[in-house]
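Hi,

Here is the model I promised to pass on. Have a look at it first, and my notes follow below.

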Amino acid sequence: MSDPILRVSGLRCSIAGQQVVEDVSFEVPPVGITAVLGRNGAGKTSTLRGIMGLSARRGEIVLAGQRIDALPTHRVVQRGVGYVPEDREVFGTLSVAENLALAERQAQPRREFVAELFPDLVKRKDQAAGSLSGGQQQMVSLARALLNDNRILLVDEPTKGLAPQIVDDVADALAEASKTVPVLLVEQNLDVVRRLAAGAVVISSGRVVHTGDAAEILDDEALTQRLLGVHASGEAA
Ligand SMILES: Nc1ncnc2c1ncn2[C@@H]1O[C@H](COP(=O)(O)OP(=O)(O)O)[C@@H](O)[C@H]1O
Ligand SMILES: [Mg+2]
């Protein structure tokens, strides 16, 4: 078993003085997609924000063998942690090409890779990002992170609110991207999790309550019902 690319131990995060992540520990293997599951409000986004240093955090976060838990956000980014936030957050009045150019932070950005992965964005390079569909905006958001050589990507609910056909397109892009970089994926669409994720971490009330093989977790109806509030397939409530 190879060393994890990311190890989180005893993470606690607070927002405005209130503790929203109580005790989160998990490891992310250096290849493939690892899912973070849990009901709305469980603390999934807060966990990702804590890793990025976007909220006050305590505990140990080790990236490729080095502690990053004391680093400010820009240093975490420089170490190679790519973040694709919930709700995409593209610059709406800027063009697709401008959104992508602003994300490039290395001498040789992976433009060809991104262009191959998202041919639709090449066609729409002069279009204002705010006028794109939700799925296309998600592609822009993913593309921004993929332009750089990251050690890991943290991707928060990329399929949220998208039509089923577009969900498949985003899942395809994630599958392809994950061949080049390990991904920690917060995802409520369990069909997507089943398709993409090898391992899964389940969070409830700011704590990790289950860790294991994603397919095994999803096949356990009692477990998914109890921890996620859903039956074996479909979206969490
Ligand atoms: N900006 C905020 N101010 C106060 N409480 C927040 C804020 N953001 C999140 N929370 C609280 O933190 C908890 C975890 O939220 P979040 O991490 O967004 O959950 P998830 O991503 O799993 O849906 C929730 O109880 C939520 O109400
Ligand atoms: Mg969230």
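Does Ala16 count as buried or exposed, going by its C-beta neighbours inside 10 Å? Ala16 has 7 of them, so it counts as exposed. Bear in mind that this is a predicted model.

Ala16 has another feature to look at: its phi is positive, near 50°, though the residue is not a glycine. You'll find Ala16 in the loop between strand 1 (6–15) and strand 2 (18–28). Arg88, however, is buried, because 24 other C-beta atoms lie within 10 Å and the cut-off for buried is 20 or more.

Now the ligand. Ala16 turns up again here, as one of the residues around ligand 1, together with Ile15, Val20, Gly38, Asn40, Gly41, Ala42, Gly43, Lys44, Thr45 and Ser46. By class, that shell has six polar residues, four nonpolar and one charged. The element that gives the most to the shell is helix 1 (residues 44–52), with three residues.

Nine of its nine residues are buried, so the helix is largely enclosed by the rest of the structure. The buried set runs through Lys44, Thr45, Ser46, Thr47, Leu48, Arg49, Gly50, Ile51 and Met52. After helix 1 comes Gly53, with a positive phi near 80°.

Helix 6 (residues 134–146) and helix 7 (residues 164–177) pack with their axes 10 Å apart and at an angle of about 10°. The two helices are therefore roughly parallel to each other. On the helix 6 side the contact is made by Gly135, Gln138, Met139, Leu142 and Leu146, and on the helix 7 side by Ile166, Asp169, Val170, Ala173 and Ala177. Seven of the residues in this contact are nonpolar, two are polar and one is charged.

Last, a hairpin. Strand 9 (residues 197–204) and strand 10 (residues 207–213) pair in the antiparallel sense, over six bridges. If you want one pair to click on, Ala200 has Gly212 in strand 10 as its bridge partner. Two residues lie between the strands, and Ser205 in the turn has a positive phi of about 45°.

That's what I have for now.

Cheers

Terms used. Residues numbered from 1 in each chain as written. Chains lettered and ligands numbered in written order. Predicted model: local features only at pLDDT ≥ 70, side-chain atom pairs only at ≥ 80, totals over all residues. Near = placed C-beta within 6 Å. Helix = DSSP H or I, 4+ residues; strand = E, 2+ residues; numbered from the N terminus. Nonpolar A, V, L, I, M, F, W, Y, C, P; charged D, E, K, R; others polar. Axes fitted to C-alpha atoms, helices over the stretch in contact; angles between N-to-C directions. Parallel < 35°, antiparallel > 145°, perpendicular 65-115°, else oblique. Contact = placed C-beta atoms within 7 Å. Buried ≥ 20, exposed ≤ 12 C-beta atoms within 10 Å, placed from the backbone. Pairing = 2+ DSSP bridges.
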